[in-house]
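Hi,

Here's the structure I promised to pass on.

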Amino acid sequence: MSKKINLKIDGIPVAVDEGTTILKAAKQLNIHIPTLCYHDDLCIAGNCRVCVVEMKGSRTLPASCAMPVSEGMEVMTNTLKVRTARKHIIDLLLSEHNAKCTTCYKNGKCELQELAAENKISTASFIDLVPHKNYQMDAYSPSIIKDDSKCIRCQRCVRTCEELQHVSALGVAYKGDKMKISTFFENPMFEVVCTNCGQCVNRCPTGALVERNYLEEVWAAIYDPDKHVVVQTAPAVRVALGEDLNLEPGVIVTGKMVTALKRLGFDSVLDTDFTADLTIMEEGFELLTRLKKALVDKDPSVKLPMATSCSPGWIKFIEHTYPEYLGNLSTCKSPQQMFGALAKTYYAQKRKLDPSKVVSISIMPCTAKKFEADRPEMRSSGYKDVDYVLTTRELAIMIKQAGLEFASLPESHYDSIMGESTGAAVIFGATGGVMEAALRTAYEVVTGREVPFNGLNITPVRGMEGVREVTIKIEGTVPEWKFLEGAELKTVIAHGLTNAKKVMDSVRDGKSNYHFIEIMACPGGCIGGGGQPIPTNAEIRKKRTEAIFAEDSGMKIRKSHENPEVIAIYKEFLEKPLGHKSHELLHTHYKERARH
Amino acid sequence: MPEIKELVKNLASKHGKTRESLIPILQGVIHEERYISDEAMTEIARELDISAAQVYGTATFYSFLDTQPRGKYVIRVCRTISCAMKGKNLITHEIEDMLKIKVGETTQNKKFSLLETNCLGWCHKGPAMLINDDAFTDLTAEKVREIINQYIKK
Amino acid sequence: MSYSNLKRVDLIFDKECNPKEIIKNTWAKSNDQIINELLESGLKGRGGAGFPTALKWKYTAEQPEPDKYIICNADEGEPGTFKDREILFKVPQKVFGGMAVGAKVIGAKEGFIYLRGEYRFLLPELEAQLESFHEILKDLKIDFRIKIIMGSGAYICGEESALFESMEGHRGEPRNKPPYPTIAGFRSKPTVINNVETLVYAFMICMHGARKFKDLGTADSRGSKVFSISGDTPKAGIYELELGMTVEQFVEEFGDGDTKAVQVGGASGFCVPRKKFKETIIGFEGVPTGGSMMLFNSSRSMFNVLHNYLEFFEEESCGQCTPCRVGCQQLILGIEAVKKGERHASYLEHLQKLAQTMKITAKCGLGQSVANSFFSIVENFKEEMIY
């Protein structure tokens, strides 16, 4: 137990742990102090100064986010001095900010706008600085748009990129009035180490960093009578979409979402879960094959550990940062891209459609998926496999634009084919989920028995620690996989690229002997993706994760290899995992990229 | 740019490869090259295992760590109050006139760059200027002409 | 040179000083004795903030951390200040000596001098002087070394936590306080950071005892101080003077007969108009100063003076906190707008309120002190701001 500190906030006594900040102590008293640069996930910056408070005995007003409490402290959060200062600060930020709110993508979702409204900043009292600035707009990336004229220099993005992702594609450059958030040499985001993960977008309080949206393109496809528009939805979308549509975090909205998509006019509403299951088949067999080559054939060219390849942010990170390990990545495309490749081949054939008329849309919790869909490798159907990627947030916008009262929508089922899911596919959305799904299948392939965990729940791989190591002992193998008898499969799971770096450094330095690595670029996995509803914090991510596992428990089929549509596609089209067609459509390669 | 690579490597082995070495390395590049090119910055980022944006962000914070190409001799005329009161503008104009460049520019032959800077710490002997590391004080139009001429001959 | 009403002192530049001898004698004393002597002297920091040096050393000495540092802040960048350059040029051994004594007291084995980039020409001689000082330490078997770190042109690095950031290879952005340097400074270790001049006084107090220093000055401002004098004066230069004089006395000595204002403490200091010369004491009880004294005669426009200061701050602000970054831009554009008649004269009052907000909400001393010159110039020379 840490020491308790007694203080008074607005005259109300409170006792809090030593080291608590005034901001957090006030929260315990349900006193809300406005903030901008503060974010639960990030270290304290104390630079916006919106959260200043009066402290007895102090000449200055300290920033409550950065000031630790001390014994006998008396804090006032709502004095004339505080209000005047706060208004000044908001007003100053507005003077530097391109406040064309009505045409801003973040209109109605902007923390600065909210603060200005709350404080009734009616007429800007200071001189508009925007005409004096040479603000730049970077709209070259397929994933993220950076508009400096909206930036309030809170540095949340910089801290996100550094602390959570260890990428630092964004930094602070210059000083004084010229200070700005900048990439290396002010190059476009598209040309630097940015992984497109969108975690900065999740934390930007204004419209300075937003996803590139494809709303109009998608509406145009829907309205085009010549086009057959298929949409796939990623596992993590169904546990977060509700947050942007007036529901609490953690509410599962799968059925309502499917109804909404049908009402929006998509011709076929399908599930990325189907290709998540397919990924498990391909990736599971790829792992077993690599193990066989390494252990039985003693093939020196085989690369172990094998790493998952579902997270396009992680792929771009490794391409920039550890290119010498590209051979360790599974060659499997992500479920989104497997789906795209099949939509314009298998699906089009089965539904007797001209693939050139099929428009393939995906709804993703992710901004990096937009970049992934644009990669030149992702055209194995002969067309662009996935035409447009929308984030969870964009889908919510479409639902609102269409006038749908989401909460009251009835539930409905995905269409067929490629609409069937299993619990294993659903958990792809949470950190550890791909590992758990892979183990449910691989263990059974090798031993003929289910994984020895109660109710198929491989709890050791779950959780929120950044890096989790789990060893699974393989016993009672079937003859074909006899060479694995008694082997200990060493796995590791990491989420957030800072943790990915830890794992990769330990691999590079020979400090580990993993066989299989699962890495998700975003904190918490896809449920914490850069395309998910804003805000995000540990609490919200926990609720989404719980919802994911609840969805899994409620599914009739919980193992990828039992997905009837997966069984069918191998029978009718792909023949077998890692077969010729699989290689053509479901696997890919990677490329080394510069480190800046 | 193999020379830049070599230079950065040498500086990194002299100053070390921790973050604390960053500014000494940047200063070393300035000493040799008068500015820090994007190639130099990516090399430094590689050597120190930090992001190039961090190198850029740190360099652009400091007035003396130029990221734009500069001439062999960088002239920095003090523009702060005491020097301004003592006729800094006359000095700047004199140099502009001699070198046919404006403040912020570099001569065609890449020999001189003319910049203005904040207080140089010679307020009692203004106007003052630096040419690279050397300070010149109590400047007059004649004096500055003489100094620049000497550098032209160098 | 005659000093009609000001007492000239010669502690800092006095060459009669044998560093080896002083160090030897000082090492014979206990740390408590040294701290008490300093406390007795009443020495306050000479960088401008005026924190009692003895307490800084004492608090750092009390930290149980094994690694501690002493840093000499030679990032002299305040407009109108140039005395540290002269001290480092003329009596570097005294600076090193002060650092060594501080290191003994707090228990540091490493010291650093953060020298501003504009003074790089001092480096070769300083390095040579340092070598001979290290020889003295070696002779006396004292385990302490000093390293010189170069700045690269950023006024804000004179702010102590920004200076640590810069030494650690980062942008010179001030940190949140607490923690203070005495607990977590350079490399997050307990650190004493003193101005060049402070270290020399500390060393001189070790040499002469507290009495000689304490007998000078006033109750709040003990001792003497090195002044950097510039502007409209026939006697621009560096002078060590006893503290406690009024601006009137100062102007009588250094003015050109037509002095209308004196800026005490540089761009971040206060402007004293003629009508307040008599009542204003230069020192901690009146207007504090790191030594910068700029005189303006009636030919000068105080609008231009303020504008020049604000341009300086606009550029030299680190830019991280809102009040300082945006506030400086607003103050400049604001006074320009009033001058051009684009805003009503009453807009100055609005700007004064803004300056007040900057003074109480900016993250560090730079942003907080912009208000000093703004207030004192706008208030005292309002007509010059408007017409």
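Below is what turned up when I went through a strand pair, a helix and a contact between chains. Bear in mind that this is a predicted model.

**The strand pair.** In chain A, β10 (residues 228–233) and β11 (residues 268–271) run parallel and are joined by four bridges. At one spot along the pair, A:Thr233 stands opposite A:Asp271 of β11(A). To get from β10(A) to β11(A), the chain goes through helix α7 (residues 254–264), and this β-α-β crossover is right-handed. In a regular strand, side chains alternate between the two faces of the sheet. You can follow that along β11(A): A:Ser268 and A:Leu270 point one way, A:Val269 and A:Asp271 the other, and all are buried.

**A covered helix.** Helix α9 of chain A (residues 312–321) has nine of its 10 residues buried. Among them are A:Trp314, A:Ile315, A:Phe317 and A:Ile318, but also A:Lys316 and A:His320. What do the buried residues of α9(A) pack against? Their partners are α11 (368–374), α15 (497–508) and β17 (516–520), in chain A.

Helix α2 of chain A (residues 80–96) packs on helix α12 of chain C (residues 322–339) at an angle of about 65°, and the axes are 9 Å apart. The crossing is left-handed. From α2(A), the residues involved are A:Ile89, A:Leu92, A:Leu93, A:Ser95 and A:Glu96, which meet C:Thr322, C:Pro323, C:Val326, C:Gly327 and C:Gln330 of α12(C). By type, the residues of this contact are five nonpolar, four polar and one charged.

Cheers

Notes. Residues numbered from 1 in each chain as written. Chains lettered and ligands numbered in written order. Predicted model: local features only at pLDDT ≥ 70, side-chain atom pairs only at ≥ 80, totals over all residues. Buried ≥ 20, exposed ≤ 12 C-beta atoms within 10 Å, placed from the backbone. Helix = DSSP H or I, 4+ residues; strand = E, 2+ residues; numbered from the N terminus. Pairing = 2+ DSSP bridges. Right-handed = clockwise from strand over helix to strand, strands pointing away. Contact = placed C-beta atoms within 7 Å. Axes fitted to C-alpha atoms, helices over the stretch in contact; angles between N-to-C directions. Left-handed = near helix turned anticlockwise from the far one by under 90°. Nonpolar A, V, L, I, M, F, W, Y, C, P; charged D, E, K, R; others polar.
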